[in-house]
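I opened this notebook page to record what I looked up on sheet pairing and on pockets. My entries follow the displayed model.

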Amino acid sequence: GSMGVFVRYQNASNYYRFALDKARGLRHLVKCVRGRTTVLFSEPFNYNNGVEYKLEIEVLGSRISVMLDGRSVCEVFDADLINGCVGFYTW
């Protein structure tokens, strides 16, 4: 399946989400604003079941930085959502 983290989550139609998607073999950062989803970052990645990963997401102003196991995955700038909550995601 897919697992990840929501940041600046406001409701089901407004959020940023970073996920590791085993079914599609991807890791990606998407934003959803007013129900419209846009991919901000995506690249091939296969996670292994039973392996622990250290995920860090830093959101400052319009900057969103993602690190996995101490390595930079992506850094994007997007100012559509300026506040919200953090939450876990699974599919």
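I took two strands as paired if DSSP finds at least two bridges between them. Strands (E, at least two residues) are DSSP runs, numbered from the N terminus. I worked from a predicted model, in which local features need pLDDT of at least 70, side-chain atom pairs count only at pLDDT 80 or more, and totals for chains, interfaces and linings use all residues. Residues are numbered from 1 along each chain as its sequence is written, and side-chain values use heavy atoms, with hydrogens and water left out.

I found an open sheet of three strands in the order 5-6-7, with antiparallel pairing. Strand 5 (55-60) and strand 7 (71-77) are its edge strands, each pairing on one side only. Strands 5 and 6 (residues 63-68) run antiparallel and are joined by six bridges. I looked up Leu60 and found Arg63 of strand 6 as its bridge partner.

Entry on the largest pocket. On a 1 Å grid over the protein atoms alone, a pocket is an open set of points where a 1.4 Å probe fits, with protein on both sides within 12 Å along at least five of seven lines; lining residues have an atom within 4 Å of a point. I recorded a volume of about 260 Å³ for the largest pocket, a volume being the space filled by probe spheres set on the points, which are joined across faces, edges and corners. Of its 15 lining residues, Met3, Gly4, Leu20, Tyr53 and Leu55 are the closest to its centre. Strand 1 (2-11) and strand 8 (85-90) are the elements that give two or more residues to this lining, and strand 1 has the largest share, three residues.

How values were computed
Helix = DSSP H or I, 4+ residues; strand = E, 2+ residues; numbered from the N terminus.
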